Amino acid sequence: MPFVNVPHLHLLMNHVPTVGTVIGLGLFLLSFVRRSEHLRHASLEVFFLIALASLPVYLTGLAAQGAIAGSAGVSDAAIAAHHDRAMLAFTFVEITGFVAWLALWQFRRLARPAGWTAPAFLLLGVVTLALMADAASVGGEIRHPEIKISETAIAASGWFTAASVEGFVTNSPWVWPAAETLHFIGLSLLFGVLFLVNLRLLGAGALRSVSYASLHRLLPWGMLGLGVNLVTGMLFTIAAPDQYINNTPFYWKMGCLMIAGVNMLYLTVFDKLWALEPGDDAAFLDKAIAASSIGAWVGVIYAGRMLPFIGNAF
Amino acid sequence: MWLEGSALATWVREAPTILAFATILTLHTFGMGVLVGASAVLSLRLLGVGGNVPLVPLRILFRVVWGGFWINLVTGTLLFTADATTRGVQPLYFIKLFFVAIGVVSVILIERHVYGGNTDPPVVSATAKRLAFLSLVAWVVAITAGRLLAYVR
């Protein structure tokens, strides 16, 4: 018996999105009080990293749902309601993360904050925090009836529920194949951009004569591919969770994705890379990071394509 | 059909090892990412929406494209032999091959148009832009057709 299992991981990580959003929003507000751009950058970096960390929180939640639904002493209604709220909160935490990435990318290029960021993050941060706190409190109902808020707080909510997403994907024969197609197109775009940028850092051939700043322009195309793949990937996972949560390569894939995601932030914001002029050689450490980034994306592709073959969950 | 019954095809299809069908299919996916990814980045640059990356050093991308192409020609051929009687009569399969051919030819023509002349630095002509657009469309259609092969009978 391993000393920690996947549902247990959900309990370890489930406070990260809520607490992280509080920290991100707090740093963001503090950056105005202290008039510090460094703090503002840091708050956006926190928002991006929280978006990244929320993915394993959501996925381990699915595994926890699979493990305890139907057992004595747990409220299935509370589990379903928690999933619905968590899905909505997850959607907003991801939107906040993507917008934060875009702001960081723009900061890097313009060297000054764009006017739209202040109202955007105030709004996104507060909405995300409210939704996340709501999802968390309903989650608490699952095992802790002593803190019961009220029956109405648990009732199914609105049209954006896990059941409706599952219905959307499985009721029509073309949604799954169409999403798979988009997932592969997104993969190509993402991999193409990041392969080129990392090849520059490795100093491959004539690419050393390219300034890093000019390749930085391409990063949003890679991010677009990542966005398409996050949305289509979540459709698969919510519609057929059993194919993924009981599948070992799926966890390899998510592990590689976390490494690659942190790397994406590194490529976007770090001064050392931005300063690379035509002909400059990247530092050894940056080359090692570039190689690990390519390795992580290859790992994502390998584990993803191997999902039906290594595990027997399909 | 003799091809599908050959020892190689049987191995690809039926060998009880992860190194046969599954690994070949995964290599095919990886080759797709390399080939289409590099080709797409090049096309985006030529269309003017991929920033101002200098064109001369980007020529290295053709080597990346060809690397992906050869991986996929070999793995694609192996996957075809394993399933020849099904694929050989599937219109969708030939649609895919047709658009792969258009994609490959457009990449060759792009290299000729952009890098073939004596202009230094290379200039992006209207023809090069049209070819870049054609190549993007061809890859999207090829991936769509290829992916749908798994779902359409």
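In the predicted model, the contact between the two chains takes 30 residues from chain B and 31 residues from chain A. On the side of chain B that touches chain A, three helices each supply at least two residues, namely α3 (21-46), α4 (55-58) and α8 (126-148) of chain B. Of these, α3(B) provides the largest share, with 14 residues. By class, the side of chain B that touches chain A is made up of 20 nonpolar, 8 polar and 2 charged residues. For the model, the scores are ipTM 0.93 and pTM 0.93.

Chain B contains 8 helices and 0 strands, and the order of elements along its sequence is α-α-α-α-α-α-α-α. Along the principal axes, the C-alpha atoms of chain B occupy a box of roughly 55 × 30 × 25 Å. Of the 153 residues in chain B, 39% are buried. Among contacts in chain B with a separation of 6 or more, 78% join residues 24 or more positions apart.

Confidence in chain B was examined next. The average pLDDT of chain B is 91, and 97% of the residues score at least 70. Within chain B, the lowest confidence is found in helix α1 (residues 2-5), with a mean of 82, whereas the highest is found in α8(B), at 96. Helix α8(B) is also one of the elements that supply at least two residues to the side of chain B that touches chain A.

Chain A was considered by domain. The domain assignment of chain A gives domain 1 (1-151) and domain 2 (159-314). Taken over C-alpha atoms, the centres of domain 1 and domain 2 of chain A are separated by 21 Å. The contact between these domains takes 19 residues from domain 1 of chain A and 20 residues from domain 2 of chain A. On the side of domain 1 of chain A that touches domain 2 of chain A, the elements giving two or more residues are α3 (37-68) and α4 (76-110) of chain A. The largest share of this side comes from α4(A), which gives 10 residues. The side of domain 1 of chain A that touches domain 2 of chain A divides by class into 13 nonpolar, 2 polar and 4 charged residues.

Definitions and conventions: Residues numbered from 1 in each chain as written. Chains lettered and ligands numbered in written order. Predicted model: local features only at pLDDT ≥ 70, side-chain atom pairs only at ≥ 80, totals over all residues. Contact = placed C-beta atoms within 7 Å. Helix = DSSP H or I, 4+ residues; strand = E, 2+ residues; numbered from the N terminus. Nonpolar A, V, L, I, M, F, W, Y, C, P; charged D, E, K, R; others polar. Buried ≥ 20, exposed ≤ 12 C-beta atoms within 10 Å, placed from the backbone. Domains from an automatic or database assignment. pLDDT = per-residue confidence, 0-100.
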